[in-house]
Every structure is written in C-alpha cells, then in structure tokens.
Amino acid sequence: MLGMIDDFKFEMNETEFDSISHEISFEWAESKRIGNHAKLQAVGKSNESFTFSGVLILKSVNSFDDLIEIASRQKPVVLSFVNESSIKVVILKIKRDMSLFLKTGEFIKQGFNIELKRWHL
C-alpha cells in the first residue's frame, strides 16, 4: 500500500501514479517604500497541499466512485502514507480524463488528478 485518503487505498499494483506533489507555501505581505526596496512581512502560517496524478488503464469505470463519495461529504479526512505521519486534509478537486474508447462507449484509459489541502483546526 502506498497510502490512503480516509478509507480509499492507493496500491501500487492497482493504481498507476505518475507523480505525487507536496507543496508548502508561506504567506508574505509586501509594503512598497518610496526610493527603497519593498518590505516583506510574514502574515500567516504556511499552507500545505498535495496533488496526486496518474493513469489507470483497463480498470473499472467506477474506480474513483468511493473517493468521489468521500469528497462529496465535504469533511476533513485522514491522509496517510506508509513512511509518514498521518494528517487531516480536505479534498478540493478530483479531475478525470477518459480516453481510448471502445466501439461500445467504454473507455480504456483514465487519467486522474486529485488536489488536497491540509486542514487545520
């Protein structure tokens, strides 16, 4: 197992990941000064986000139904990886791109992109 979002498991032999991106950004305010460089001041705590992307080939058309159900509750969930501490996140967006269609209308290839943001009390 690579990781979990709530009870939705990401397994290396079932879900093909292209990348997992982890971003930490910091809040700064800029004050312009006449005849001088702008002054920067920290105005908040850091923001942390994650993006999962990859491609499923020859998988069920319903592969992400459970994750979509979890996201539709619009509540914080636990994100955990095998070698990391668990944290709470919210699911901001799930994007799926279907391609390589059969004559009967089913798709063979499904790209995905999942965006999460760390949740704080």
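This is a predicted model: local features need pLDDT of at least 70, side-chain atom pairs count only at pLDDT 80 or more; totals for chains, interfaces and linings use all residues.

Colleague: Where does Ser53 lie, and is Ser53 buried or exposed?

Modeller: Helices (H or I, at least four residues) and strands (E, at least two) are DSSP runs, numbered from the N terminus. Ser53 lies in strand 6, residues 47–57. Buried means under 20% relative accessible area, exposed over 50%, and partly exposed in between (1.4 Å probe, protein chains only). Ser53 has a relative accessible area of 16%, so Ser53 is buried.

Colleague: Which side chain makes a polar contact with the side chain of Ser53?

Modeller: A polar contact is a pair of N or O atoms within 3.5 Å; within protein, one must be able to donate a hydrogen and the other to accept it, and residues adjacent in sequence count only if both atoms are side-chain atoms. For Ser53 the partner is the side chain of Ser19, at 2.9 Å.

Colleague: Which side chains make polar contacts with Glu48?

Modeller: Glu48 is also found in strand 6. Its side chain joins that of His22 in a polar contact of 2.5 Å, and makes another with the side chain of Arg118 at 2.8 Å. Glu48 is buried because its relative accessible area is 14%.

Colleague: How do I read aromatic rings, and how many aromatic pairs are there?

Modeller: A pair of aromatic rings is described by the distance of the centres and the angle of the planes. Rings of Phe, Tyr and Trp (its six-membered ring) pair if their centres lie within 6.5 Å; planes under 30 degrees apart count as stacked, over 60 as edge-to-face and the rest as tilted. The structure holds 5 aromatic pairs. One of them joins Phe8 and Phe64: the ring centres are 6.1 Å apart and the planes are at 25 degrees, so this pair is stacked. Phe8 lies in strand 2 (residues 8–10) and Phe64 in the loop between strand 6 and helix 1, so the pair ties together parts that are 56 residues apart in sequence. Both Phe8 and Phe64 are buried. With Phe112, Phe8 and Phe64 form one aromatic cluster.

Colleague: Now for charges: how many salt bridges does the structure hold?

Modeller: A salt bridge is a side-chain nitrogen of Lys or Arg within 4 Å of a carboxyl oxygen of Asp or Glu. The structure holds 5 salt bridges. Among them, Glu115 pairs with Lys93, with the closest N and O atoms 3.7 Å apart. Glu115 lies in strand 9 (residues 107–118) and Lys93 in strand 8 (residues 87–101), so the pair ties together parts that are 22 residues apart in sequence. Another joins the side chains of Lys32 and Glu30, at 3.1 Å from N to O. Lys32 is exposed because its relative accessible area is 71%, whereas Glu30, at 49%, counts as partly exposed.

Colleague: Which residues are linked in a network of salt bridges?

Modeller: Those are Asp6, Glu69 and Arg73.

Definitions and conventions
Residues are numbered from 1 along each chain as its sequence is written. Side-chain values use heavy atoms; hydrogens and water are left out.
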